Amino acid sequence: MAGFDKVVSSYEEAMAGLTDNMTVIAGGFGLCGIPENLINEIKRKGTKGLTLVTNNCGVDDFGLGILLPDRQIKKIVASYVGENAEFERQMMAEELEVELTPQGTLAEKMRAGGAGIPAFYTATGVGTPVAEGKDERTFNGRDYILEESIVGDFAIVKAWKADRYGNLVFRKTARNFNPMAATAGKITVVEVEEIVEPGELDPDQIHTPGIYVNRLIQGTFEKRIEQRTVRKA
Amino acid sequence: MALSREQLAQRVAQELQDGYYVNLGIGIPTLVANYIPENMDVMLQSENGLLGMGPFPTDEEIDADLINAGKQTVTMATGASLFDSATSFAMIRGGHVDLTVLGAFEVDVNGNIASYMIPGKLIKGMGGAMDLVAGADNIIVTMTHASKHGVSKLLSNCTLPLTGKGCIKKVLTDLAFIEIKDGKFYLLERAPGVSVEEIIKLTEGELVVPENVPEMQF
């Protein structure tokens, strides 16, 4: 069983081999389903010049936002980056390169990257700034642009449960970009709330098969809420 | 009188049909959920990976793993399903969502929409808006008709960077309900107490006005 056992014993081991100027794909939507502790480890390591591919960039003091003050991020590919003052400052000062990418295109870039598809046509972004410099083609009378897929040197992923073989189960909307990110890393590192033995997860209920996962670690999570909205009981 | 935010949401809700899957954007569109007729089943799609969004949770029900596209805590309706972002946008891009409601800064007579960026001022990103306008056939844009300085947002040509090209057919403003076809705006309805002259004055793009323009009914 050791051959398929993906569990590592420390966060240092989990992110070993991450070096300056690499591309990192991260799962998460807002602060939901983000690999909190793997991000903390990147901050601790002090890796610089990173290209991050992620839907959002956290907030000033949590999530990927914590990589901003030490200028660890060179470039970010994201769909929405509006929750973060330091981010805005670095972007306006052109210290940070930002490639705004439509959310569905971003998800598909990761999915295609992981599936060995180098590029795909989509109608999203035709006639907008997103289309600039991209090949355009008409199918059945409609215009489409060619979008290239993305593969990361690392993918960092948060799942709910895993078995030691790296089979993953996500929980509710914390799934979001995580399954696509998991497929698109040359090295995919996953942190989870609980690791069980192989055979304990129902094979029919596994969202991401362990073949995509290289390293697995169990952590504890703050799970910060960005917009706490409630109704009266 | 110009419509209030609530009235805008109420008027959009009149366009809902039983069995519709609907994506509601952030802001006024979100309020539409409060006006779904009781005898109607509508399922709300949240593009972060939830079909069948319920109301906000009570304090006891709050779950950090369950949010909507506005990053607000939510609940799930009976019959809800959960999925990843690629699947979510396959639904959207593939044209499986029956109605999309979203806001805008500007629209023009050619159905172009600008809603995500004001160069030098607001550069937060498009989120899912470009996919939504490209994928949906049935879109209602909700917006104010003009700026508070009286500058029209219904134009012959959008001035801001576009979110989508030639994709908008219906616009509900605080003054009017308007259809876009053949490179023109067509005035369908006016807000209660708002005159046709006022709408003409605040519409920069070519506006076709029929002899009789009914008031919206609430």
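Begin at the second largest pocket of this predicted model, which has 18 lining residues. Nearest its centre lie Arg142(A), Ala134(B), Lys165(B), Gly166(B) and Cys167(B), so if you center your view on those residues you will be looking into a space of about 320 Å³.

Which elements build the lining? Strand E7 (142-148) of chain A and H4 of chain B each supply at least two residues. H4(B) gives the most, with 4 residues. Sorted by class, the lining holds 7 nonpolar, 6 polar and 5 charged residues.

Now turn to the contact between the chains. Chain B brings 49 residues to it and chain A brings 50. Together the two chains bury about 4,000 Å², with 60% of that on carbon and sulfur atoms. On the chain B side, the residues that lose the most area to chain A are Asp65(B), Lys71(B) and Lys124(B), which together make up 20% of what that side buries.

Strand E4 (76-82), helix H3 (85-93) and helix H4 (129-135) of chain B each give two or more residues to the side that touches chain A. The largest share, 4 residues, comes from H3(B). By class, this side of chain B has 22 nonpolar, 14 polar and 13 charged residues.

Methods. Residues numbered from 1 in each chain as written. Chains lettered and ligands numbered in written order. Predicted model: local features only at pLDDT ≥ 70, side-chain atom pairs only at ≥ 80, totals over all residues. Heavy atoms only, no water. Contact = heavy atoms within 4.5 Å. Buried area = accessible area lost by both parts, 1.4 Å probe. Nonpolar A, V, L, I, M, F, W, Y, C, P; charged D, E, K, R; others polar. 1 Å grid on protein atoms, 1.4 Å probe; cavity = no way out; pocket = protein on both sides within 12 Å on 5 of 7 lines; lining within 4 Å. Points joined across faces, edges and corners; volume = space filled by probe spheres on them.
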